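The sequence and structure are shown first.

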Amino acid sequence: MSDRIIFEDVSKFYGEILGVNRVNLCIPPGITSLVGPNGSGKTTLMNLMTGLVQPSRGHIEVLGYPTDDPENLFKFVGYSTQFDAFPKGLTGFQFIYSYLCLSGMPLQDAERTAWQAIERVNMVDAASRKVAAYSKGMRQRIRLAQALAHNPKVLVLDEPLNGLDPLARSEMIALFRASATEGSYVIISSHILHEVDVISDQVILLSNGYVVAEGQIQSVRNEIQEHPTQILIRCDRPRELAAKLFESEYTIEASIHNDGRGLLLKTRDADRFYLAMNQLALNGLQIESIAPADDDVLSVYEYLIGNEEVVR
Amino acid sequence: MAVYRRNYRPYSGTQTREWSRFLVLFRYSRRNLFRSKVQTGFFVLCFFYPIACLVMIYLAHSASFLAKLGVPSQLISIDSMFFFRYMSVQGVLSFLMTAFAGPGLISPDLANGALPLYFCRPFSRVEYVLGKSSVLGILLSQITLIPGLILFTIQASFAGASWTWNNLWIAGSLVVASLICISILSLLAMALSAWVKWRIVAGALLLAVMFFGAGFAQAINAVMHTDSGHFVDVAYLMAAIWIGLFRVEAENSITAFPALIALLVYCCICLWLLMRKVRAFEVIR
Amino acid sequence: MTQPGAPVSESRSSPTGVPSVPLIELNGLTVRFGNRDILRGLTASLRGRAIGLLGPNGAGKSTLINTLLGFYKPVGGSAKVFGQDIGTNLRNIRRLVGYMPENDAFVSKMNAVSFVRMMGELSGLPSRVALERAHEALFYVGLAEARYRQLGTYSLGMKQLAKLAQAIVHGPKLLILDEPTNGLDPSARQRMVRMVREIRDSREMRIVLCSHLLRDVEDTCDEVLILKGGQIAHYSDLDEERRSNKRFVELEIYGANGDFTAAIEKLGCECAVAANRMKMVLADGVETRDIFRIAAEQQVRIRRLNFRRDTLEDIFLKAMES
Amino acid sequence: MTRLWWTQIKAVIRLELKKTFFAKRGLWIYVVAALPVLLFIAYAVAMSHDQHQTAKIAQEGEKRLAYQDLVAIKSGMTKEEVTAILGKPPLIFHWNERRPIGPDSTVEIFHEDLHYSDGEGDLYLGLANGKVVSIHIHEGYNLGEDAVMFAVVQFFFLRLAIFFGCLGIFMNLFRGEVLDRSLHFYFLAPIRRDVLMAGKFLAGLLATCTIFVTSELLQSVAFLWHFSPQARDLYLYHNHGLEHAAVYVGVTILACVGYGAFFLVAGMLFRNPIIPAAAVLIWEGINPFLPALLKQFSVIYYLKSLCPVDIPVSPGTPGLFALLISNADPVSPPLAILGILVVALLALFVSSVQVRRMEINYTTE
């Protein structure tokens with residue numbers, strides 16, 4: 001009886017097409033983000049861990065349960081898919097309600113729980129309208145409600161923020177946070193890296209069906225030795241600063257911004273630079289901003305997966 | 001020595017005429033149609049009977065040859081009955097052709113939500129329908145109308161002026177008959193495919209409408225001891241009109257005029273369906 | 001022959017690039033489905049080169065766009081695009097507009113070239129020109145290699161690009177983008193944003209962009225129109241908004257203890273600390289230099305220091321509260 | 001455990017019924033089911049109208065007539081002789097005709113049409129210049145032949161309507177969901193796949209049975225509407241009318257079970273419903289010509305065996321039916337029922353295996 005989501009070198013092929021290949025994962029509680037280009041196997045991974053597809057090879061265990069046993073699995077797993085379609089002719093409420101009924105819940109409990117779920121994604125006023133008439137964001141939210149409805153321990157969310165407006169985004173993120181701190185497993189796939197940066201405890205980078213990296217962003221970033229840390233400094237006299245910086249041996253490269261008010265520094269030892277920076281700042285340099293340019297998911301993404309063309 | 005960056009270029013050149021825009025749709029849809037081998041094969045198949053007719057016409061006018069064969073020359077007589085038979089055979093073929101080619105015209109556009117892309121341009125719904133239906137129109141007239149007229153002219157050239165003069169009305173009936181056939185078939189096909197946005201099912205539905213209509217017509221007649229059941233049978237109605245047009249003796253319990261009215265009603269229903277479905281966005285309340 | 005040039009020459013006339021005739025003019029525009037009012041008497045005149053259309057779900061963004069394109073008929077009020085009324089000369093407006101819808105839209109049995117070409121011809125290009133421009137457009141959006149493949153086989157991102165290509169093929173004067181970066185992966189998104197910015201700066205096209213990703217709007221647009229519940233909640237010029245409060249400083253510091261904060265507060269700046277992040281308001285007379293001095297004294301490493309600008313997010317949130 | 005399953009099945013059924021009964025795309029099934037009913041209603045109306053007419057004529061005649069009076073009239077009789085037998089005609093038309101008898105000379109002919117009735121049948125007499133030239137006796141509608149006709153139509157209904165109805169509904173259960181990309185919704189619930197399938201099947205069954213049984217019953221009612229009570233009783237109780245109706249209902253249900261199971265499997269195995277549908281239709285079409293062993297594996301074979309009135313393929317029945325109602329060697333009813341159930345169970349077993357290894361990947365059409 002493990003308390004992890006475990007992939008033991010799992011492969012999935014659709015006919016000849018590669019879904020994911022030789023994946024070994026052990027996902028702990030907290031918010032885990034799946035990041036990767038389209039068709040890199042994020043959705044396949046999620047379908048695998050919810051048993052919507054079965055692996056061609058290898059073995060998957062979700063908190064100790066096999067994935068080919070929906071009756072038990074979905075007692076503690078909730079999955080909000082990317083498929084933007086619903087059973088015909090249902091209202092938002094009926095959608096959640098009937099889902100809960102399917103699990104054999106007594107009707108009045110189901111009704112109560114459904115309303116609770118709908119409140120959590122605040123769709124109450126729209127709940128009695130047909131899903132067909134919903135906007136993209138509303139559909140997205142009602143799907144989330146369906147995944148959340150039975151308070152699952154494992155939440156699998158495929159692009160949950162897609163098509164949500166900024167307010168809803170922050171609400172949802174708060175929601176995920178909350179359930180993560182309660183010790184449940186939230187697995188999210190997203191394309192919006194600056195959000196991933198903020199919300200996720202650990203990331204899994206996928207590319208062409210392979211896991212290229214997993215773990216906390218910082219540690220992943222530090223793993224990548226070949227790329228020195230980049231720091232962006234905006235100040236009034238960047239050339240002077242550059243000249244000074246070049247005196248120290250940990251500076252590898254420094255380039256001046258086109259507007260002449262910025263300096264991009266590549267250094268082998270960030271910490272020593274920061275200390276030195278304090279000194280430099282003292283002698284008459286007007287510093288507007290300092291920011292590490294590449295410690296976020298975006299840069300990790302670009303280093304590992306690369307800014308490959310959309311056309312594959 | 002120069003460096004050219006490829007970037008966006010505005011356009012302020014000439015524009016094509018407004019009225020000719022629907023022909024664009026016509027061209028492209030037609031090209032798609034004939035991409036399928038089966039389609040092309042079937043299209044060729046549709047010309048076997050006209051060729052046979054051609055041969056018959058030739059034989060009918062080479063009495064000596066017939067004599068050699070020992071066939072009495074009046075066996076083959078090229079008259080309105082001949083053209084009526086031609087029309088009915090080609091009519092069946094063109095129906096099959098419609099069931100095959102028709103649904104593919106509109107339903108993919110609806111299924112893939114392409115309509116907004118058409119209608120955000122200076123291009124109206126009417127033009128859209130016009131363009132799409134013109135594909136079927138031309139296709140079917142290539143099967144029915146054009147070969148028919150060719151046969152008629154050949155026959156005329158063989159038979160001489162007097163025959164031509166006396167039988168000119170046959171040409172007229174040919175035109176009218178095939179126009180009726182074409183319009184009802186293409187409208188039916190398009191309306192159905194716009195209604196169920198799924199190509200294959202639309203095709204099946206077209207067949208169903210025909211056969212179920214025929215069956216139900218018989219049921220009605222059997223139960224009610226009447227003949228008016230045939231009004232739900234499109235094929236029968238068409239036949240009725242043709243019989244009227246070609247002035248042939250064939251047993252048919254409906255006269256041409258009421259049949260024509262019925263067909264017109266069906267056409268209107270189809271058009272209404274079409275116009276309800278062909279929109280940029282369906283407003284869901 | 002039509003004259004797509006007319007309103008544009010006006011837009012060129014003014015040196016600032018802001019034309020005399022407003023791009024879009026709404027007065028009292030009202031749209032209703034059944035008994036639900038989707039747009040309630042919008043009144044505005046938009047002049048920007050790239051206008052961001054923001055708002056929560058169901059605020060009526062898409063409805064507004066569809067109404068401008070004449071897909072929905074307003075029950076009240078009127079709207080003008082390039083000074084042409086959507087009621088009376090819709091055809092002229094459509095001649096000047098390129099539209100990229102939100103949901104995916106394509107013709108499955110066609111390859112990209114003939115698809116874009118057909119769309120070009122439908123909006124009036126002569127066949128040869130259309131072919132030429134179709135290729136150009138596809139190159140431009142970056143579907144170069146894939147442009148002979150059938151659209152049915154395209155991935156989501158590629159379909160988006162194809163949609164963009166068909167929207168610009170006929171050289172419109174106004175490009176309407178409904179959620180263009182929706183579902184694109186990071187690299188594709190960056191590319192799309194870059195492209196939109198290029199188009200904007202090329203000054204050949206005005207842009208109306210409707211998106212939920214504030215980051216994208218901020219990167220591409222110079223004006224924002226924020227809708228809420230079918231009404232205009234806010235309309236403003238982004239650059240001006242950004243030129244406000246310069247005194248907020250955000251820090252990310254390592255190796256610090258209570259003393260650092262204490263020292264900062266001794267300077268007379270009130271500050272809020274969360275983990276190793278720190279927000280403060282510089283008291284007047286205090287400069288960043290002072291912060292660095294304290295850092296130097298206490299061997300604190302400042303990983304991040306910047307003046308917080310009034311970002312679009314704040315604007316948006318403000319608009320929502322109002 | 002099983003109690004949980006039952007509650008789940010009930011939930012599935014509730015959900016499905018909402019979809020099957022009120023789905024726009026399911027509308028045509030109602031139409032198909034309603035058409036024969038409308039037909040028979042029309043029939044009833046027309047018949048009763050005619051009878052009313054006949055009765056009225058009989059009333060207005062000055063004598064009460066019997067059938068033999070009507071047949072007593074021979075052609076060549078004068079008008080006086082006719083009135084002597086039948087009394088003054090209640091209804092009479094007359095007109096003049098001038099018929100050419102030479103190049104330039106014509107002759108005037110005085111026509112009269114007389115209409116008598118004995119309350120059941122009608123007698124139409126045509127007189128020319130006072131002499132009977134044409135006699136046409138129109139028999140009243142007798143229930144016997146109409147009953148056969150009724151059976152024929154019902155059989156036709158059974159064959160086609162139920163076939164296509166089940167096709168529409170049961171194909172939708174899984175294939176339809178896949179096409180709508182909404183099947184995953186069910187697979188995400190904590191419910192065994194085969195329980196889910198059972199639920200869906202029962203829902204489909206409920207829907208089809210309700211629709212078609214109602215239609216059957218309405219047809220019978222409409223058909224018997226205009227007959228006189230005693231005629232009705234005769235038909236119902238002495239002419240096995242009632243049991244026939246009952247049997248038809250039973251057969252309808254069995255048909256739904258058989259075809260339902262069949263199309264459930266087909267919907268899981270094939271991407272395109274038309275192909276299996278056509279295959280089945282052909283298979284059942286050629287069924288009469290199949291060797292006995294193969295016959296066992298079709299639904300219609302048993303249905304035919306169950307149908308009460310084996311319809312005489314009289315020249316009267318239209319060609320289409322004649323083809324449909326030919327039945328070579330029937331099996332005994334219990335065997336037939338068993339057969340259908342076996343076929344159904346077989347199909348259900350296959351689909352339960354299939355559903356357990358079904359995977360969600362909606363490929364773009």
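## The two domains of chain C

The centres of domain 1 and domain 2 of chain C, taken over C-alpha atoms, are separated by 40 Å. Domain 1 covers 24-242 and domain 2 covers 245-321 in the domain assignment of chain C; such bounds come from an automatic or database domain assignment. This is a predicted model, in which local features need pLDDT of at least 70 and side-chain atom pairs count only at pLDDT 80 or more, while totals for chains, interfaces and linings use all residues. Residues are numbered from 1 along each chain as its sequence is written, and chains are lettered from A and ligands numbered from 1 in the order in which they are written.

To the contact between these domains, domain 1 of chain C gives 13 residues and domain 2 of chain C gives 9 residues; two residues are in contact if their C-beta atoms, placed from the backbone, lie within 7 Å. On the side of domain 1 of chain C that touches domain 2 of chain C, the elements giving two or more residues are helix H8 (214-220), strand S9 (223-228), strand S10 (231-237) and helix H9 (238-242) of chain C. Helices (H or I, at least four residues) and strands (E, at least two) are DSSP runs, numbered from the N terminus. The residues of this side of domain 1 of chain C comprise 7 nonpolar, 2 polar and 4 charged. Here Ala, Val, Leu, Ile, Met, Phe, Trp, Tyr, Cys and Pro count as nonpolar, Asp, Glu, Lys and Arg as charged, and the others, Gly among them, as polar.

## Two loop residues of chain C

Most residues other than glycine have a negative phi. C:Phe82, which is not a glycine, has a positive phi of about 50 degrees. C:Phe82 lies in the loop between strand S4 (76-81) and strand S5 (84-85) of chain C. C:Phe82 counts as buried because it has 24 C-beta neighbours inside 10 Å. A residue is buried if 20 or more other C-beta atoms lie within 10 Å of its own, exposed if 12 or fewer, and partly exposed in between, with C-beta atoms placed from the backbone.

C:Glu179 likewise has a positive phi, near 50 degrees. The loop that holds C:Glu179 runs between strand S7 (174-178) and helix H7 (186-202) of chain C. With 23 C-beta neighbours inside 10 Å, C:Glu179 also counts as buried.

## Chain B as a whole

Chain B contains 13 helices and 0 strands. The C-alpha trace of chain B spans about 85 × 65 × 30 Å along its principal axes. Of the 285 residues in chain B, 44% are buried. Among the contacts in chain B with a separation of 6 or more, 74% are between residues 24 or more positions apart.

## Contacts between chains

In the contact between chain A and chain C, 38 residues of chain A meet 44 residues of chain C. The elements that give two or more residues to the chain A side include helix H5 (136-148), helix H6 (166-181) and strand S14 (287-292) of chain A. H10(A) provides the largest share of this side, 8 residues. The side of chain A that touches chain C divides into 21 nonpolar, 12 polar and 5 charged residues.

The contact between chain B and chain D takes 10 residues from chain B and 15 residues from chain D. On the chain B side, 8 residues are nonpolar, 2 are polar and none is charged.

## Helix packing

Two packed helices are described by the angle between their axes and the distance between the axes. Helix H1 (residues 21-33) of chain B and helix H4 (residues 112-122) of chain C pack at an angle of about 160 degrees, with their axes 9 Å apart. Axes are lines fitted to C-alpha atoms, for helices over the stretch in contact, and angles run from 0 to 180 degrees between N-to-C directions. H1(B) and H4(C) are therefore roughly antiparallel to each other; angles under 35 degrees count as roughly parallel, over 145 as roughly antiparallel, 65 to 115 as roughly perpendicular and the rest as oblique. B:Arg21, B:Val24 and B:Tyr28 of H1(B) meet C:Ser114, C:Met118, C:Glu121 and C:Leu122 of H4(C). These contact residues comprise 4 nonpolar, 1 polar and 2 charged.

Within chain A, the axes of helix H3 (residues 92-102) and helix H4 (residues 107-120) come within 9 Å and cross at roughly 130 degrees. H3(A) is therefore oblique to H4(A).
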